[in-house]
Amino acid sequence: MPMKKFCLGVMIFVIPIILLLSAVECYVRLLPNSYKYKDDWMWKNGQGVSTLVLGNSHAFFDINPSEYGDSTFNLANVSQRLQHDYFLLCRYADACPNLSTVVLVVDNSNLFDIPMEHDEPGRVTYYQLYMGYSEHSFFSRYSLELSDINSFWAKIKKQWNNEGLSCDSLGWGNGYLLSLRNPKDFLDENVRVHRFVDWNTTCQNVKCVRAIAKWCKSHKISLVLLMPPVTASYTRKADKWQLDFVQQVVDSCKKDYGVVVADYSCDNRFDDFDFFDTDHLNDKGAIKFSALLKSEIELLN
Amino acid sequence: MSFISISFIVFLPIVFSLYWLLSKYHNWQNLCLLVASYVFYGLWDWRFLSLIFITSLSSFLSGLCLERVKSRHLVVILNLCLNLGILAFFKYYGFFIDNLTVLLSTFGLSLDVPTLRVILPVGISFYTFQSLSYTIDVYRGKLHATKDVVAFFTYIAFFPQLVAGPIEKATNLLPQMTSKRTFDYDNAIEGLRRILWGFFKKMVIADNCAIAVNLMWNNFSEAGFLTLFCTMILFTFQIYGDFSGYSDIAIGVAKLFGIRLTENFRLPYFSCSVGEFWRRWHISLMAWFRDYLYIPLGGSRNGMFKTIRNILVVFMLSGLWHGAKWTFVVWGLYHACLLILGRMRRKVVRTDSSQIVRISDIPSILITFLLISFGWVIFRSENMSEALAFFSRMFDTLICMDIGSLQHGKQALLYCFLLIGIEWLQRERICPLELSGRQLGCNRMFRWTVYYIVFLLMFFLRGEEQTFIYFQF
């Protein structure tokens with residue numbers, strides 16, 4: 001009897017909580033976000049895609065596909081790892097029968113990335129829930145948006161500010177406006193650096209780049225390995241051996257798989273006012289860069 | 001497996017249901033708990049289950065031998081050597097080698113010993129001390145050696161308290177394992193309240209403080225006084241919320257299984273003296289050291305000199321128990337010094353931890369709180385030079401009146417005030433969510449509203465998940 005009373009009491013107490021949390025979870029999942037948007041877009045419009053942009057924030061904010069017409073889509077996202085790039089490429093391959101070019105950012109920022117679970121677990125959930133990247137089990141924390149409360153509040157805040165979707169219709173991250181640029185970010189002491197952490201993860205990342213290159217070659221798709229523009233102060237502060245290592249990786253891919261390398265990392269056509277911070281272009285800079293890149297891709301095609 | 005995980009939310013009801021389905025057969029209940037405990041631990045790292053197994057088996061066999069052989073000394077020494085040896089290897093090997101290398105290098109000698117970076121098994125200090133308590137109690141004749149191997153293994157590995165305590169003495173927990181348990185509604189409800197309160201302390205207080213502390217600590221060399229002071233205070237609450245939160249969850253979960261664990265915290269920051277603090281903070285560890293070290297050394301009955309020596313030994317070892325770092329040793333010695341100074345003071349302050357805190361105690365409470373907070377800076381530091389740099393920056397900025405402003409942690413401070421307020425209002429109760437006896441507490445709607453509010457606060461105000469600090473010990 002006491003057990004029955006206990007179980008009944010617990011159930012009566014817990015049911016409203018479960019209902020409330022389920023409702024909140026459903027609400028959050030219904031909010032627009034770039035992951036869900038890009039997934040939907042790819043399934044619906046993949047047929048018309050000839051050029052696909054992959055990479056992390058350096059691709060997300062720097063490449064504006066509207067410069068190329070509507071057959072290019074920016075499938076990059078903030079902090080997107082190379083393993084995700086590879087996964088997404090394979091995932092949408094069948095949906096994009098006309099795909100002829102893939103632009104992939106490979107630079108100092110993503111080649112030394114550690115697994116996302118370590119530093120941005122909230123984003124793992126997005127890939128799991130909205131892009132079918134089911135690396136983790138259903139019982140893991142990555143199955144619920146509510147399990148990362150910071151991301152949850154950030155999402156709610158964005159929604160309240162009408163900034164729910166952080167990209168435009170072709171997947172470009174259009175939130176880094178020149179007007180929002182903070183000059184303090186360009187001071188030498190504030191320059192962000194991407195540091196090598198360990199060999200295991202770096203080797204995994206290199207493997208992913210090579211896997212993408214191999215995949216593209218086998219599917220007769222041109223691959224552009226892109227090193228986007230960064231400020232001189234960023235290059236100055238970056239570890240030289242890391243930059244050399246990136247160069248070695250792209251060179252080996254070029255040699256083994258015939259990929260095209262587009263290195264804009266030290267391009268002096270970009271000045272500080274083209275940047276949002278030391279390693280991301282602002283909206284004006286992105287348009288300028290996308291136009292430059294366009295000619296490279298046209299040459300390729 | 002961590003308490004704060006979806007897998008635990010699934011795991012607990014399954015084990016609970018199975019356990020009470022077997023309520024007619026307490027041996028099967030023990031087996032159920034044992035399997036659950038090994039699964040709970042094994043999901044973190046199954047390889048270290050072998051250590052728990054070896055520790056349990058050696059202590060079980062030692063207990064049996066102690067009642068059968070004449071050379072009892074030898075049995076107890078062998079058991080202590082084995083268990084402390086395992087602990088020493090996994091916890092202190094690197095520390096010992098590093099320090100020996102430094103020491104020899106000062107004499108121009110070098111040491112050619114392989115530098116193993118041994119992984120520290122979670123909770124090793126807790127279950128080792130628990131198994132030692134059994135062997136010593138059997139040796140002292142306080143307890144009969146058990147022949148029930150499953151009950152004994154369950155006593156060592158009981159999952160709620162396996163990885164971060166409370167450290168249960170065999171005299172308390174083992175008899176509960178060997179006797180029949182019946183489901184008690186009130187006890188189970190109390191357990192749920194404790195679990196809820198524990199989660200609140202961990203997820204709202206500790207995790208939010210941790211974010212602010214980590215941010216501020218990383219840049220303390222450029223911070224003003226206010227930031228440094230708040231970092232210290234926030235870490236004081238972080239460690240309290242973290243560890244006492246874990247203990248509350250452990251005690252609550254154990255209550256669901258009809259098992260009573262030792263209270264580990266009794267509002268430690270409401271202590272009027274450092275001595276009282278140590279009767280309110282990590283009670284089970286202090287009780288262990290008192291019973292198995294302090295009293296055998298002579299306690300406080302052999303004059304001032306020996307008392308001081310005993311206090312120093314106990315606190316140095318309790319510092320070292322926390323980890324293989326000099327900061328822990330210094331932290332222990334710092335508390336020992338405060339305790340000794342407290343004993344030398346003539347003025348009598350309230351020292352009985354069971355008494356209710358009064359408003360007139362607030363000045364003593366504040367002074368004690370500050371002294372303890374200083375100690376936590378040493379505890380939090382990677383090494384002594386970091387601790388000294390922190391203190392030196394704090395006092396420099398105070399002298400130069402560089403108060404500065406607080407960039408982070410305002411929200412966390414607010415939560416800490418909330419915690420203090422709740423604990424103060426409910427200071428005569430072990431669990432602040434215990435509302436019976438209050439005017440409104442008799443009303444179920446009111447009680448449930450309070451629980452819902454705490455739950456929602458816990459859920460929506462929680463900080464980024466952090467590993468329990470005491471897992472590393």
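A residue counts as buried under 20% relative accessible area, as exposed over 50%, and as partly exposed in between (1.4 Å probe, protein chains only). By that scale D267(A), at 14% relative accessibility, is buried. The structure is a predicted model, in which local features need pLDDT of at least 70 and side-chain atom pairs count only at pLDDT 80 or more, whereas totals for chains, interfaces and linings use all residues. Residues are numbered from 1 along each chain as its sequence is written, chains are lettered from A and ligands numbered from 1 in the order in which they are written, and side-chain values use heavy atoms, with hydrogens and water left out.

**Interface between chain B and chain A**

- The contact (heavy atoms within 4.5 Å) draws 24 residues from chain A and 21 residues from chain B.
- About 2,000 Å² is buried between chain B and chain A, and 79% of it lies on carbon and sulfur atoms. Buried area here is the accessible area (1.4 Å probe) that two parts lose on being put together, summed over both.
- On the chain B side, the residues that lose the most area to chain A are I6(B), Y185(B) and F460(B), which together account for 29% of what that side buries.
- Between chain B and chain A there are zero salt bridges; a salt bridge is a side-chain nitrogen of Lys or Arg within 4 Å of a carboxyl oxygen of Asp or Glu.
- Four residue pairs are in polar contact between chain B and chain A, both residues being at pLDDT 80 or more. A polar contact is a pair of N or O atoms within 3.5 Å; within protein, one must be able to donate a hydrogen and the other to accept it, and residues adjacent in sequence count only if both atoms are side-chain atoms.
- Helix 1 (6-21), helix 9 (185-218) and helix 18 (444-460) of chain B each supply at least two residues to the side that touches chain A. Helices (H or I, at least four residues) and strands (E, at least two) are DSSP runs, numbered from the N terminus.
- Helix 18 of chain B provides the largest share of that side, with seven residues.
- By class, the side of chain B that touches chain A comprises 17 nonpolar, one polar and three charged residues. Ala, Val, Leu, Ile, Met, Phe, Trp, Tyr, Cys and Pro count as nonpolar, Asp, Glu, Lys and Arg as charged, and the others, Gly among them, as polar.

**Paired strands in chain A**

- Strand 4 (residues 222-227) of chain A is mostly covered, with five of its six residues buried.
- Strand 3 (residues 101-105) of chain A pairs with strand 4 in the parallel sense over five bridges; two strands pair if DSSP finds at least two bridges between them.
- Strand 4 of chain A also pairs in the parallel sense with strand 5 (residues 260-263) of chain A, over four bridges.
- V224(A) in strand 4 is the bridge partner of V103(A), and V260(A) in strand 5 is the bridge partner of V224(A).

**Salt bridges**

- The structure holds 25 salt bridges over all chains.
- R91(A) forms a salt bridge with D39(A), with the closest N and O atoms 3.1 Å apart. The pair links distant parts of the chain, since R91(A) is in helix 4 (residues 82-92) and D39(A) in helix 2 (residues 34-45) of chain A, 52 residues apart.
- R91(A) is partly exposed at 25% relative accessibility, whereas D39(A) is buried at 8%.
- R269(A) and D267(A) form a salt bridge with their closest N and O atoms 2.6 Å apart; R269(A) is partly exposed, with a relative accessible area of 46%.
- R194(B) and D248(B) form a salt bridge with their closest N and O atoms 2.7 Å apart. R194(B) lies in helix 9 and D248(B) in helix 10 (residues 225-256) of chain B, so the pair ties together parts 54 residues apart in sequence.
- Both R194(B) and D248(B) are buried, and salt bridges that share partners join R194(B), K201(B), D248(B) and E263(B) into one network.

**Positive phi in chain B loops**

- L267(B), although not a glycine, has a positive phi of about 45°. L267(B) lies in the loop between helix 10 and helix 11 (274-280) of chain B and is buried, with a relative accessible area of 11%.
- H282(B), also not a glycine, has a positive phi of about 40°. H282(B) lies in the loop between helix 11 and helix 12 (283-294) of chain B and is buried, with a relative accessible area of 1%.
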